[in-house]
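Please read it alongside the sequence and coordinates shown here.

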Amino acid sequence: MPVPEILQLGNPILRQKCAPVKSFGTECLNALVSDLRETLYDFKERNGFGRGIAAPQIGVTERIIFVHADQPLALLNPVITAHSRNLMTMWDDCFSFPNLLVKVKRHLSIEVRYQDVEGRKHTLRAEDGLSELLQHEIDHVNGILAIDRAIDSRHIIFRSEYEKWIKHSKFSAVSF
Ligand SMILES: [Zn+2]
């Protein structure tokens, strides 16, 4: 079965505040989580990057995200309940504008409360890569995109230019 299409920047669905999940353990919910997982893995296989996806990116305005950092995890109704004052600065990317990179600041560590597909409540402490990934995906279910978090407009660039000028270059420290 073909994977769902990933909505692109400009699609108004990406700007909606998503609705909480209220019914758990349903076939419909399992199918949706499975769609998110397959879409993530398909994107990663085709593009060589990708660790997370949010339901609105496949056109479903519900508060569901799926991440695969060290292991696959579906988070329903995720909420950031605490965060470090310390921030990290990093180049972020997104399936909804895969050709762009955006420099953003994120909290170094966060605490997230969420429910699993059965509705059980969990608390997760995340640092570094998982922390910034969850902040990115939780923004999605609130209609917020990484470009909204750009340090300024100079820090929205094409991925191709990042590869050319910044990735392996001494320019990164001084120019950006
Ligand atoms: Zn994204």
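This is a predicted model: local features need pLDDT of at least 70, side-chain atom pairs count only at pLDDT 80 or more; totals for chains, interfaces and linings use all residues.

Asp-128 belongs to helix H2, and its phi is near 50 degrees, a positive value in a residue other than glycine.

**A second residue with positive phi**
- Asn-77, which is part of strand E3, likewise is a residue other than glycine with a positive phi, near 50 degrees.
- Asn-77 is buried, because 20 other C-beta atoms lie within 10 Å, and 20 or more is the cut-off for that class.

**The sheet**
- Five strands make up an open sheet with antiparallel pairing, and their order is E1-E2-E3-E6-E7.
- Strand E1 (52-54) and strand E7 (121-127) are the edge strands, and since each has a single partner strand, one side of each is left without a neighbour in the sheet.
- On average, and with direction ignored, neighbouring strands of this sheet are turned by 40 degrees against each other.
- E1 runs antiparallel to strand E2 (residues 64-68), to which three bridges join it, and Ala-54 has Ile-65 in E2 as its bridge partner.

**Helices on the sheet**
- Helix H1 (residues 27-47) packs on the sheet, where it touches E1, E2 and strand E3 (72-83), and its direction makes about 40 degrees with that of E2.
- Helix H2 (residues 128-141) runs at about 155 degrees to E2 and lies across E1, E2, E3, strand E6 (109-115) and E7.

Key. Residues are numbered from 1 along each chain as its sequence is written. Two strands pair if DSSP finds at least two bridges between them. Helices (H or I, at least four residues) and strands (E, at least two) are DSSP runs, numbered from the N terminus. Axes are lines fitted to C-alpha atoms, for helices over the stretch in contact, and angles run from 0 to 180 degrees between N-to-C directions. Two residues are in contact if their C-beta atoms, placed from the backbone, lie within 7 Å. A residue is buried if 20 or more other C-beta atoms lie within 10 Å of its own, exposed if 12 or fewer, and partly exposed in between; C-beta atoms are placed from the backbone.
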